[in-house]
Structures are given as C-alpha cells and as structure tokens.
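Welcome! Take your time with each one before reading its solution.

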Amino acid sequence: LLDWRVGFGGRWVLVSSCASLCVVSMSILNYNGGCVVAMAGKECVAIAADRRLGVQLQTVSCEATRLFQMNDRLFLGLTGLMTDIDSLHNLFNFKLNLYTMREGRQIKPKTFSNLVASTLYEKRFGPYFSEPVIAGLNADNTPFLCAMDLLGAPAKADDFVVSGTCSESLFGTCETFFRPGMNPDELFETISQALLSALDRDSISGWGAIVHVITPEGTTTRTLKARMD
C-alpha cells in the first residue's frame, strides 16, 4: 500500500493506492463544490456565487442556489455541504422572522452576522458543514462584509471576502482586480471577472454564476455564462 499527497480542488489530499484500488479522500466542505465572493464599492456591495452542484467530480445540476436575500439590503451566501446549506437557510429565515416580529424593523447586517455566528457556535460539537458570507448595506449606505468558518468565527473586511473550494484563487483574482470607490457598474464588472477567472482554475465549481449588486435604490441580479467543461 502506497500513500502520497496530490493537489485536488485547490487543497492537498491524501491518496492511497494498491494494485487495483485508488481512494481519494476530500473534505466534506468540498463534497458538493461551490464558492462565494462578496466585494464592496462606493455605497454599494456585490455578492456572487457559482451555480454548480456536484458529488465530488460528478456534476449533478447547474442551478444550485447558494445566495439568499434576507431583506432589501442584506444577502447571505453559504458554501459547503448542500444539505446543511438548505437547513441553515431555513433556520435563519425562521430566526429572522422572529426578530422582525419582535422588533418591528429590519435587521442590521452587523446584528445578522452576530446571529449567524451564535447559531453556528452553539452547534460547535456537531457543526453545520457550511461557511457563510454576509454582504449588506448599513443605514448610512456603507458596505458590510463578513465571512465565517463553520464554527462561526467572523472575519470582517472593507474590500472583499471569499469562501468555498476555490478561495485561494479568488483571493488572488480579487486582490488583482479590486480598487476602492467603485460605482455599481464597475463593481459588477470587477467581481464578475474575478469570479470567472478563479472558476477556470477549479475543477469542482463553476458552470455559470449569479451576481447580486445591492445599492440604496435596490438590488440588481445578473447571471453569467461560464465554461461548461
């Protein structure tokens, strides 16, 4: 029996082989593939994700939903295991409805990020296999960006946040294309090019993308064509 390490889906994994057996083990966070990126502009914010749903290297669907609108100025992106993504989306919708009924107002992005973090952390001994990305506009129209791991540890940023199987490539493309003070059209073009460039370097995400640009006037949604191989 021989063991060696190979690069797979942007991560190093252990491969074991014998005369007729080769088993590739991968993180459960990478099992269904997918990625999410959010980027800030001038009084606007954008969040984008790919559309592929897979079972390791087998593509099941090109219409996966990883971005969810929580209110008029707030979006939630979830990467990881698709069953846990659906469970978390339903749970956050339930908690958000309770908050709206009790407080009589829409939740702020910072408050929602605390809600997400506490929800994930309370399940730390049996966690949801999903890493959230939160993007929204504050009351003064300043962007709010926050990414978390599966235990709810937040990482806030003023420029961009990424999550998913091609996060390493997304960091590189976003650092290359990002510039401060972009208007909504420039922000859409920048996040789209950054996402598409990163998807070309990852075998378990891609097959189309969707982009939401949030402004004080409303939300604009566009779909992107990508490589289908």
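**Exercise 1.** What percentage of the 229 residues of the protein count as buried?

*Solution.* Keep in mind that this is a predicted model. Buried means under 20% relative accessible area. By that cut-off, 49% of the residues are buried. As for the surface, the accessible area comes to about 11200 Å², and carbon and sulfur atoms hold 53% of it.

**Exercise 2.** Find Ala 46 and decide: is Ala 46 buried or exposed?

*Solution.* Start with the strand: Ala 46 sits in β5, which covers residues 45-50. Next, take the relative accessibility of Ala 46, which is 0%, so this residue counts as buried. Then look at what touches it. Beyond neighbours within four places in sequence, the contacts of Ala 46 include Val 37, Met 39, Leu 187, Ile 191 and His 212. Finally, compare chain and space: Thr 190 is 144 residues away from Ala 46 along the chain, yet their C-alpha atoms are 9.8 Å apart.

**Exercise 3.** Check the span of helix α2 (residues 109-121), then find what its buried residues pack against.

*Solution.* Second, list buried residues of α2; among them are Phe 112, Leu 115, Val 116 and Leu 120. Third, name the partners: the buried residues of α2 pack against helix α1 (82-103) and the strands β8, β9, β10 and β11.

Technical notes. Residues are numbered from 1 along each chain as its sequence is written. This is a predicted model: local features need pLDDT of at least 70, side-chain atom pairs count only at pLDDT 80 or more; totals for chains, interfaces and linings use all residues. Side-chain values use heavy atoms; hydrogens and water are left out. Helices (H or I, at least four residues) and strands (E, at least two) are DSSP runs, numbered from the N terminus. Buried means under 20% relative accessible area, exposed over 50%, partly exposed in between (1.4 Å probe, protein chains only). Contact means heavy atoms within 4.5 Å. Accessible areas come from the Shrake-Rupley method with a 1.4 Å probe; for residues, only the protein chains shown count as cover. The expected span of a helix is 1.5 Å times one less than its number of residues.
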